[in-house]
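Here are some friendly notes to read beside the model. Take the points in order, and find each residue in the viewer as you go.

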Amino acid sequence: MPTPDFLFSLANPAALLGWALLVLAPRSRFTKALVLNGALPLGLAASYAALLAAHYLGPHGGAGGFGSLAQVAALFRDPWALLAGWVHYLCFDLWTGAWEVRDAQRRGLPHALVVPALVLTFLFGPVGLLLYCGLRGLWARKAKNTSLSTN
């Protein structure tokens, strides 16, 4: 049976590949097939589900919980639960980055403006999403002002 450390060593490069594709080749067929259609994030989601099962069916399945910070700390003392938590972050952050790219492409937002939001989403999750939503709002306002001035 693989160890949590071994599975960690597989999950990180998979997520990094997705992020590299989003930043460097957002319109490539490979990026669309692997990341933008959800295949890689959903693969991480399936891994997360399997890791949850491994934790809750394992010897530490009853340890910890989500009712207090102390319970969360107890939960993450188990390496399987810690790995599941990490894969949760990898999955949701990559899913969010893929959404940012799809949304930006649909709105005509230049990719160069999206890259800083992608980097922040990769590093700090919600901070990158916040930046992207701010950029999206500014871009929509600019587009509206441009269309009003040409009429």
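1. Let's begin with the cysteines. How many disulfides does a search of the whole structure find? The search finds 0 disulfides, a disulfide being a pair of cysteine sulfur atoms within 2.5 Å. The reason lies in the distance: the closest cysteine sulfur to that of C91 belongs to C133 and is 18 Å away, too far for a bond. C133 is likewise in no disulfide.

2. A word on where these numbers come from. This is a predicted model, in which local features need pLDDT of at least 70 and side-chain atom pairs count only at pLDDT 80 or more, while totals for chains, interfaces and linings use all residues. Residues are numbered from 1 along each chain as its sequence is written, and side-chain values use heavy atoms, with hydrogens and water left out.

3. C133 has 37%, so it is partly exposed.

4. Next, look at two helices. Helices are DSSP runs (H or I, at least four residues), numbered from the N terminus. Helix α2 (residues 29-36) packs with helix α3 (residues 39-56) at an angle of about 25°, and their axes are 5 Å apart. That angle makes α2 roughly parallel to α3, the label for angles under 35 degrees, with over 145 being roughly antiparallel, 65 to 115 roughly perpendicular and the rest oblique. The axes are lines fitted to C-alpha atoms over the stretch in contact, and angles run from 0 to 180 degrees between N-to-C directions.

5. Which residues make the contact? From α2 come A33, L34 and V35, and from α3 come A39, L40 and P41; contact means heavy atoms within 4.5 Å. These residues divide into 6 nonpolar, no polar and no charged. Here Ala, Val, Leu, Ile, Met, Phe, Trp, Tyr, Cys and Pro count as nonpolar, Asp, Glu, Lys and Arg as charged, and the others, Gly among them, as polar.

6. While you are in α3, find G43. With 34% relative accessibility, G43 counts as partly exposed. G43 and A14 are 29 residues apart in sequence, and their C-alpha atoms are 9.6 Å apart in space.

7. Now turn to D103 in helix α5 (residues 79-107). D103 has 3% relative accessibility, so it counts as buried. Its side chain joins that of R107 through a polar contact of 2.9 Å. A polar contact is a pair of N or O atoms within 3.5 Å; within protein, one must be able to donate a hydrogen and the other to accept it, and residues adjacent in sequence count only if both atoms are side-chain atoms. Not counting residues up to four places away in sequence, D103 touches Y132 and R136.

8. Y132 is buried, at 0% relative accessibility. Leaving aside neighbours within four places in sequence, its contacts include W99, D103, R107 and L109.

9. G128 is also in helix α7 (residues 126-150), and G128 counts as buried at 0% relative accessibility. Beyond neighbours within four places in sequence, G128 is in contact with E100, A117, L120 and T121.

Definitions and conventions
Buried means under 20% relative accessible area, exposed over 50%, partly exposed in between (1.4 Å probe, protein chains only).
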